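Hi everyone, thanks for making the time.

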Amino acid sequence: MTRFIALRAAWAIPVLLIVTFLTFWAVKSATDPVASYMRINVHATPEMIQDYKEAHGLIGSTPEQYVRWLKSFFTLEWGNSIKGNRPVWPDLKAAMGNSLVLGLSAFVVGITVGMTIGIVSALRQYSKFDTAATGAAFVGISMPPFVSAVLLQVFFAIMVTQWLGLDKPFLPVAGVYPPGHVGFDLGLRIQHMILPITVIAIQTIAIYSRFMRASLLDVKDSEYMRTARSKGISERKVIIHHALRNAMVPVVTLGALEVGGIIGGLIITERIFQFRGTGDYLLTALGNGDFPQIMPLMFIIVASVILFNLVADIAYAWLDPRVRLA
């Protein structure tokens, strides 16, 4: 197992460097940081432009610029944004914190409910519960986040509010906190997260319920399961100790990859609910062509995806030892 992990980790490093170099080249080509600087600072002199290039390592070939940027990234010298001249790290840290809290909360809710529904559906195949869960899952998978988000906003902000005769929305439909709020308030934070979490969890529940059901049905009547039953082991123990462990393999892989993508933000949901996470941060930075803001986040996104791919490989090998021999 140690050799397996070491080999996978060794491969992750060159993959990270290659992908982040290509990302650096693509983002730099698309945003042109010097042109963005000149567009925002219309009175910039040639000397100011040259100073900007030198300060941000934008001199020399693209590989040379990438190496200088990489050094700055690992020494946490991320500089300031082009628009507003604000330090990059504080805003990025706040955005990542919001996305992680929202994404992980929705993931925990979605995978817990989804896997539970999938297990029950597989154990009660073709029952009324299974039929209802299958139909609901197809609806959940087919419904885009922007549709469910708008429907929930209309229902809770308008309909429920009118029914109850309230002077403000029954549930908040925008923001991390109410406008003008200062400091941390757990109650307000949870209220503002209920609808975004619901939107994200709808598809998560649908996907994991279908994956878990299909995976468990594949192993439930397999040969080693029949062998376990023939030894007199109770059906409950057979399901828990044999079927679930093997059925979890594809689900764990999918889950690890999904967690790795959370740091990239939930762009549609965050923008609709004006939730200031990395998705909203990235769209704003792209709109401004703000290379100093975009690139650190892109590196973190790539690194997190590669890291959780590694986690998925390790989890896969732990659940199915045959993978270690591949």
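**Inside the largest cavity**

By class, three nonpolar, three polar and two charged residues make up the lining of the largest cavity. The classes work like this: Ala, Val, Leu, Ile, Met, Phe, Trp, Tyr, Cys and Pro are nonpolar, Asp, Glu, Lys and Arg are charged, and the others, Gly among them, are polar. Before I go on, this is a predicted model, with pLDDT of at least 70 needed for local features and 80 or more for side-chain atom pairs, while totals for chains, interfaces and linings use all residues. Residues are numbered from 1 along each chain as its sequence is written, and side-chain values use heavy atoms, leaving out hydrogens and water.

So what is a cavity here? On a 1 Å grid over the protein atoms alone, a cavity is a set of points where a 1.4 Å probe fits but cannot get out, and a lining residue has an atom within 4 Å of a point. Points are joined across faces, edges and corners, and a volume is the space filled by probe spheres set on them. How many cavities of 30 Å³ or more are there? One, and the largest cavity holds about 30 Å³ of space. Around that space sit Ile117, Gly118, Ser121, Ala133, Ala137, Ser209, Arg210 and Arg213. The elements giving two or more residues to this lining are α5 (88-123), α6 (128-142) and α8 (186-220).

**The overall build**

Those element names come from DSSP runs numbered from the N terminus: helices are H or I, at least four residues, and strands are E, at least two. By that count, the protein has 13 helices and zero strands. Its C-alpha atoms fill a box of roughly 85 × 65 × 30 Å along the principal axes. Of its 326 residues, 40% count as buried; buried means under 20% relative accessible area, exposed over 50%, and partly exposed in between, with a 1.4 Å probe and protein chains only. Taking contacts with a separation of 6 or more, 71% are between residues 24 or more positions apart, where contact means heavy atoms within 4.5 Å.

**The largest pocket**

A pocket, unlike a cavity, is an open set of points, with protein on both sides within 12 Å along at least five of seven lines. What volume does the largest pocket have? About 340 Å³. It has 18 lining residues, and Ile200, Gln203, Thr204, Glu258 and Leu266 lie nearest its centre. Two or more lining residues come from each of α5, α8, α10 (235-262) and α11, with α8 giving the largest share, five residues. The classes here are eleven nonpolar, six polar and one charged.

**Two kinked helices**

Let's turn to α10. Its 28 residues should span 40 Å at 1.5 Å a residue, and the end C-alpha atoms are 37 Å apart, which agrees; the expected span is 1.5 Å times one less than the number of residues. Where is the kink of about 40° in α10? At Val249, shortly before the proline Pro250. The bend at a residue is the angle between axes fitted to the seven residues ending there and the seven starting there. Buried residues of α10 include Val249, Val251, Gly255 and Ala256.

Helix α7 has a kink too, of about 30°, centred on Phe155. Ser148, Ala149, Leu152, Gln153, Phe156, Val160 and Thr161 are buried in α7, and their cover includes α8 and α11 (267-272). Just after α7, Gly165 takes a positive phi of about 65°.

Thr269 is in α11. Buried or exposed, at 5% relative accessibility? Thr269 counts as buried, and beyond residues up to four places away in sequence it touches Pro145, Pro196, Val199 and Ile200. Ile272, also found in α11, is partly exposed at 23% relative accessible area. Leaving aside neighbours within four places, Ile272 is in contact with Phe146, Ala149 and Gln153.

**Positive phi in the loops**

Leu76 has a positive phi of about 60° although it is not a glycine; it sits in the loop between α4 (62-74) and α5 and is exposed at 65%. Tyr126, in the loop between α5 and α6, has a positive phi near 70° and is exposed, with 66% relative accessible area.
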